[in-house]
Amino acid sequence: MKNNLKKIAVVAMVALVIAACKKNQESTTEPQETVKNSDKVLQYIKDLGFPATSIVDNGNEFIVEEDITFPKNMEIPTNGAGAKTEQYYTGSIVNSTKKLNIRIFVDPSMTSMSSEINSAIAQWNGVTGSTLRFSIVTTAPYDILIKDEALTAPPGYVTCGMAQFPSGGSAGALVRINKAGIAGNSFAQRARTICHEFGHCISFRHTNWSAQGESTATNVPGVTGTDALSLMNGGQCGSGATVLSQKDKDATAVLY
Ligand SMILES: [Zn+2]
């Protein structure tokens with residue numbers, strides 16, 4: 001009996017040691033897993049067709065083509081492998097449920113541009129043949145956070161805004177607007193910047209990707225070619241189209 005108790009005690013101690021080892025192992029493997037996900041994100045960006053030279057490592061995110069960001073901890077879309085990005089999109093869109101109400105939370109830093117935000121929302125919500133709708137919410141949960149940030153990366157660019165593409169069926173979760181950078185623009189141009197960034201959140205690429213020297217994008221079926229009137233043309237902060245073009249609307253109706 002005494003001997004058995006001793007055995008049990010030994011087994012228990014061994015179990016404790018094993019448990020302790022496991023705990024240590026877990027804590028050491030965690031950072032590696034974080035690194036791994038960023039490698040997957042990098043591969044996903046390359047799979048979308050962005051050349052390695054266009055990808056800027058910016059701390060906890062990657063930036064491509066000046067205003068599109070990919071968080072290193074993002075969920076990789078399951079159809080990501082071999083995905084290409086026709087107007088032009090990434091191949092990964094907001095799912096059929098979530099597109100009906102994409103909730104935007106306006107950070108206090110952006111409330112001074114609420115009118116511009118509402119104007120941008122009205123453009124997307126007004127597309128005939130599309131059931132995609134944005135709305136403003138004042139509490140969590142929300143799908144997109146829009147906030148002010150002095151955008152200084154990538155170096156050498158004046159970046160007016162940045163946004164994320166959809167992932168996992170959800171809209172791109174973050175829009176950053178360089179409020180100081182666009183403050184001198186007209187109301188219509190400030191609203192354009194915001195409208196453009198929301199366009200990225202729902203998967204649109206730059207319509208002028210070719211002229212901009214960007215990676216090959218996927219045509220939205222039936223809506224092809226260049227479009228000087230597209231609000232989704234890139235590199236036109238302060239000077240581009242201020243209303244969605246007919247082709248922008250057609251592409252939205254096809255996808256949503
Ligand atoms: Zn853009």
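1. Pocket lining. Helix α4 supplies the largest share of the lining of the largest pocket, four residues. Helices here are DSSP runs of H or I with at least four residues, strands are runs of E with at least two, and both are numbered from the N terminus. The largest pocket holds about 230 Å³ of space. It is lined by 19 residues, and D67, C160, G235, Q236 and C237 are the closest to its centre. A pocket is an open set of points on a 1 Å grid over the protein atoms alone, with protein on both sides within 12 Å along at least five of seven lines; lining residues have an atom within 4 Å of a point. Volume is the space filled by probe spheres set on the points, which are joined across faces, edges and corners.

2. Basis. This is a predicted model, in which local features need pLDDT of at least 70 and side-chain atom pairs count only at pLDDT 80 or more, while totals for chains, interfaces and linings use all residues. Residues are numbered from 1 along each chain as its sequence is written, and side-chain values use heavy atoms, without hydrogens and water.

3. Overall make-up. The chain has five helices and 10 strands. Of its 256 residues, 46% are buried, that is, under 20% relative accessible area with a 1.4 Å probe, protein chains only.

4. Eight strands form an open, mixed sheet in the order β1-β2-β3-β8-β9-β7-β5-β6. Neighbouring strands are turned by 25 degrees against each other on average, direction ignored. Pairing requires at least two DSSP bridges between two strands.

5. Hairpin. β1 and β2 (residues 61-64) run antiparallel and are joined by four bridges. V56 has I63 as its bridge partner in β2. Two residues separate the strands of this hairpin, and G59 in the turn has a positive phi of about 70 degrees.

6. β3 (residues 68-71) and β8 (residues 161-164) run parallel, with two bridges. T69 is partnered by Q164 in β8. Helix α4 (residues 187-201) packs on the sheet, touching β3, β5, β6, β7, β8 and β9 (174-177); its direction makes about 20 degrees with that of β8. Contact means heavy atoms within 4.5 Å. Helix α2 (residues 114-125) lies across β5 (102-106), β6 and β7 (144-148), at about 150 degrees to β6. Angles run from 0 to 180 degrees between N-to-C directions, with axes fitted to C-alpha atoms, for helices over the stretch in contact.

Conventions:
Buried < 20%, exposed > 50% of the residue type's maximum accessible area, 1.4 Å probe, protein only. 1 Å grid on protein atoms, 1.4 Å probe; cavity = no way out; pocket = protein on both sides within 12 Å on 5 of 7 lines; lining within 4 Å.
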